[in-house]
Amino acid sequence: MNSAARMFFFSTRSAFAHACSVRACLSLFLAVLLLLFTHLPAHAQFRVEVTGVGLTQLPLAVVPFKGEDSASQKVSAILLADLERSGQFRAIDGKQAIMDESSSPDFVQWRQRNADALVAGSLTRLADGRYDIRARLWDVVGGQLRGEYKEVVTAADLRLSAHRMADQIYEKLTGDKGVFATRIAYVTKAAARYTLWVADSDGEGAQAALASPEPIISPSWSPTGSHLAYVSFESKKPVIYTHELASGKRRITANFRGSNSAPTWSPDGRSLVATLSRDGGSQLFPINVEGGEPRRLTQSNGIDTEPAFSPDGSQVYFVSDRGGSPQIYKMPLSGGSPERVTFAGTYNISPTISPDGRWMAYVSRIGGQFKLQMMDLSSGQTSSISETSADEKPSFSPNSKLVVYATQVQGREALMTSTLDGKIKARLAGQSGDIREPDWGPFRN
């Protein structure tokens, strides 16, 4: 896809441009969307590539786990990839070491290798086919045990167990809660079918939640992680569904006259805010997920779309062209006067607020390029945190330490995660795959 087509593709896929095209001509939007999506490659396995150097990374060695060569998953490799992707750790080579959780580490030797922390463990296959996973974390500098991990899982849960282990180690060493056992949702197009996927936080282990011959866009996680809201065109128009992942049950949440788009869950999980054109324009409406008449929130002659909640649910951030160009605003959920948030540039879209309420990530068009931006909400200071030029749809990790977004790298579509300062990035990309519209799910119970 050439750069001009890519830019139009990006613009067409933004919720703001979607609302524009609905107002102008919905059929044109669908024709362009379908045409461009037919050129996207199919879903494929992901590969994690971590780049960048942080200033305060902790040097960590992970020794290959005893017995993992006979298992379907290399638990130690998954564990190390998770920790590296966080940006908090720098890998020290431990591949040649032979030890497990019962070994007594030679701390002098590991200090000479410049390791501050050490992880070793084992996998034992039980008679019933399950695996007994055990590991220990040592403080090399202090020469002491910092923690232990024990779990018995099926072969299908080896990856999840590795993510849970990474979460425990991350919390032990940083004091913050880990997000490796969380999930992401995203959309792919393969041949003539669109698929909504739910995957591990590293993009692996993807499971299809929905497949359709018509476009699926704008997935949004519920606060409990039990449901996804999204927009499906299976009725030949944009309709909002909520989808219970455990059962696969779906229900129509918004199918009003015109367009129903850009749903986002309230923090209490009782309602969505979405963009509806039922009154002739594209405006924001809170919608009770149990049903009832939507309440109009915004009142403008422009397009108001891409809502995002503040963590406490009191404020709604959104994109509007009420001032002549798309900018980000906020207003109380109870109603009132909107307050403009972005002032630099003439095209700012796709806001998302970090769960701790400190940051807003969004996309800005700068010199014809779409760049991921990070704003400190207390000071209003903004910085560009990507080197790519076709970024879209950022979403924060539930611990507010990382952001995931879609972009294009070296001519290929890619899913990226980045630390908030942009120093450490991980590319999750398929050999011939494309992924779109990522949304990072909440902590899992």
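I started with E387, which forms a salt bridge with K425; their closest N and O atoms sit 3.5 Å apart. This is a predicted model, so I keep that in mind throughout. The pair links distant parts of the chain, 38 residues apart: E387 is in the loop between β24 (382-384) and β25, and K425 is in strand β28 (residues 425-430).

Next I looked up accessibility for this pair. Is E387 buried or exposed? At 65% relative accessibility E387 counts as exposed, because the cut-off for that is over 50%. K425 has a relative accessible area of 5%, so I noted it as buried, the limit being under 20%.

Then I went to K393 and D439. Their side chains meet in a salt bridge, at 3.8 Å from N to O. K393 is in strand β25 and D439 in strand β29 (residues 436-440), so this pair too links distant parts of the chain, 46 residues apart. I checked burial as well: K393 is buried, and D439 is buried too.

How many salt bridges does the structure hold? I wrote down 20.

One more pair from my list is K401 with D176, where the closest N and O atoms are 3.6 Å apart. These two are 225 residues apart and connect distant parts of the chain. K401 is in the loop between β25 (392-396) and β26 (402-409), while D176 is in the loop between α5 (158-174) and β7 (183-190). I have K401 down as partly exposed, at 35% relative accessibility. D176 is partly exposed as well, with a relative accessible area of 28%.

I looked up its span: α5 has 17 residues and reaches 24 Å from its first C-alpha to its last, close to the 24 Å expected at 1.5 Å a residue.

Why do I call α5 largely enclosed by the rest of the structure? Because 12 of its 17 residues are buried. Among the buried ones I noted L158, L160, A162, M165, A166, I169, Y170 and L173. The buried set also includes R159, H163 and D167.

Last, I checked what comes just after α5. G175 takes a positive phi there, of about 85°.

Terms used:
Residues are numbered from 1 along each chain as its sequence is written. This is a predicted model: local features need pLDDT of at least 70, side-chain atom pairs count only at pLDDT 80 or more; totals for chains, interfaces and linings use all residues. Side-chain values use heavy atoms; hydrogens and water are left out. A salt bridge is a side-chain nitrogen of Lys or Arg within 4 Å of a carboxyl oxygen of Asp or Glu. Helices (H or I, at least four residues) and strands (E, at least two) are DSSP runs, numbered from the N terminus. Buried means under 20% relative accessible area, exposed over 50%, partly exposed in between (1.4 Å probe, protein chains only). The expected span of a helix is 1.5 Å times one less than its number of residues.
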